[in-house]
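Hi there,

Here is the model I said I would pass on. Have a look at it first, and then read my notes below.

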Amino acid sequence: MLRVRTWFQLALVLVSVGVLAWRVDLGDAFRTFGDVNYAWVVAALGVFTLSKFVHATRWRILLGRIPGLPLFGLFGTYLVSNMVNNLMPLRTGDLVRIQVPARRYNIHRVELTAIIIVVETLLDGVAFAILLLVGLGLSDVAAVRQSVLWTLVALVVIGVVLAALAARIRLPKDLSQVGWGRLLPGWLRHRVADLVPPFVDGLAALRDPRIAWQAIAISFPAWLIEVTVFWLFGQAFGLGLSFSAYLVITVAANMIVALPITPTSVGVYEVALQEVIALFGVDRSLAAGYAIGAHLFMSLWIVATGLFAAWLLNISFGDLFYLRNGEGRPGAVGLPDGQARLPADK
């Protein structure tokens with residue numbers, strides 16, 4: 001299976017590079033690097049890390065019912081997760097954001113899963129839909145079908161409504177004893193009773209107005225900072241686009257890497273992003289140079305900051321693969337001495 005997947009990913013990379021070479025002159029694309037203003041690149045990378053700090057702050061807000069969690073510990077974990085997502089396919093880094101806090105701060109993994117997979121995805125979906133509406137409205141890109149945009153908006157609205165309803169479910173004290181539960185096999189009934197309550201706890205932001213507004217209020221600055229990153233790269237490569245165009249470019253770039261089917265999304269990222277940039281009238285070779293350069297610089301920076309964060313936090317393989325029930329690792333960075341821990345994972 002691993003061998004088949006590796007060959008499939010390699011084939012997809014080669015196909016993507018072939019499509020890119022068919023669509024643009026790669027020689028011209030790489031020659032654009034000679035005109036890059038690298039001061040803008042350095043600024044973009046610094047702002048990129050700032051955007052991740054703001055995202056980590058939102059994560060801390062969503063964990064607001066848990067006292068004593070260190071923001072910089074969560075920020076470091078976020079950087080490590082970002083690095084793993086950049087290197088591994090299928091959002092593997094999100095498992096780091098579930099496993100490390102569960103291991104170190106003894107938070108239920110299912111609660112973390114609900115926050116990261118459901119709540120954050122919905123918040124990002126709302127932000128993306130609004131950024132696209134504003135960006136396309138100001139840029140007037142006729143090639144983008146309005147039906148596609150409104151379909152995205154509808155899916156986001158449906159997702160928010162369903163998750164909000166799920167968050168407001170009042171659960172009985174013991175799910176294993178409810179009438180419908182007796183229809184399930186014993187092992188499954190007890191598993192459901194163990195997992196459903198912490199999952200609903202993870203949706204707290206969707207039923208607590210204070211947490212919800214704080215998370216929403218910080219989501220838009222977080223993504224606008226990331227838009228600034230792509231604008232700074234645009235200044236470095238001399239794209240000459242308005243800031244509103246980068247609203248669309250940022251959303252497109254993040255949607256491309258949301259489900260990376262090749263390591264670091266190499267090939268797929270460059271093909272898709274240069275096509276989006278070309279919609280704004282940018283020369284395809286310059287657009288490809290921008291896509292290749294932004295991807296390369298950010299990937300190297302993500303790996304560097306992720307490794308540095310892992311070293312500072314002393315994150316080990318034990319943190320990533322420890323699955324046994326029980327308290328966090330002795331001496332781990334986390335709750336202050338004497339702070340009561342949450343119940344251990346079931």
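Helices (H or I, at least four residues) and strands (E, at least two) are taken as DSSP runs and numbered from the N terminus. On that basis, the chain has 13 helices and zero strands.

Two notes on how to read this: the model is predicted, so local features need pLDDT of at least 70 and side-chain atom pairs count only at pLDDT 80 or more, while totals for chains, interfaces and linings use all residues. Residues are numbered from 1 along each chain as its sequence is written, and side-chain values use heavy atoms, with hydrogens and water left out.

Taking a contact as heavy atoms within 4.5 Å, residues 24 or more positions apart account for 73% of the contacts with a separation of 6 or more.

**The core**

A nonpolar core here is a set of buried Ala, Val, Leu, Ile, Met, Phe, Trp, Tyr and Cys residues joined through side-chain atoms within 4.5 Å. The largest has 91 residues, and Leu63, Phe233, Leu239, Ile249, Leu273, Tyr290 and Met298 have the most contacts inside it. Helices 3, 4, 5, 6, 9, 10, 11 (268–278) and 12 each supply at least two of its residues. Leaving aside residues up to four places away in sequence, Ile249 touches Phe230, Leu241, Leu273, Val276, Ile277, Phe280 and Tyr290.

Eight of the 11 residues of helix 11 are buried, so the rest of the structure largely encloses it; among them are Tyr269, Glu270 and Leu273. Helix 5 is also largely enclosed, because 12 of its 13 residues are buried, including Asp94, Arg97, Arg103 and Arg104. Just after helix 5, Asn106 takes a positive phi of about 55°.

**The pocket**

A pocket is an open set of points on a 1 Å grid over the protein atoms alone, where a 1.4 Å probe fits, with protein on both sides within 12 Å along at least five of seven lines; lining residues have an atom within 4 Å of a point. The largest pocket is lined by 40 residues, with Arg91, Asp124, Asn254, Val257 and Ala258 nearest its centre. Helix 6 gives the most to this lining, with eight residues.

Best wishes

Definitions and conventions:
Buried means under 20% relative accessible area, exposed over 50%, partly exposed in between (1.4 Å probe, protein chains only).
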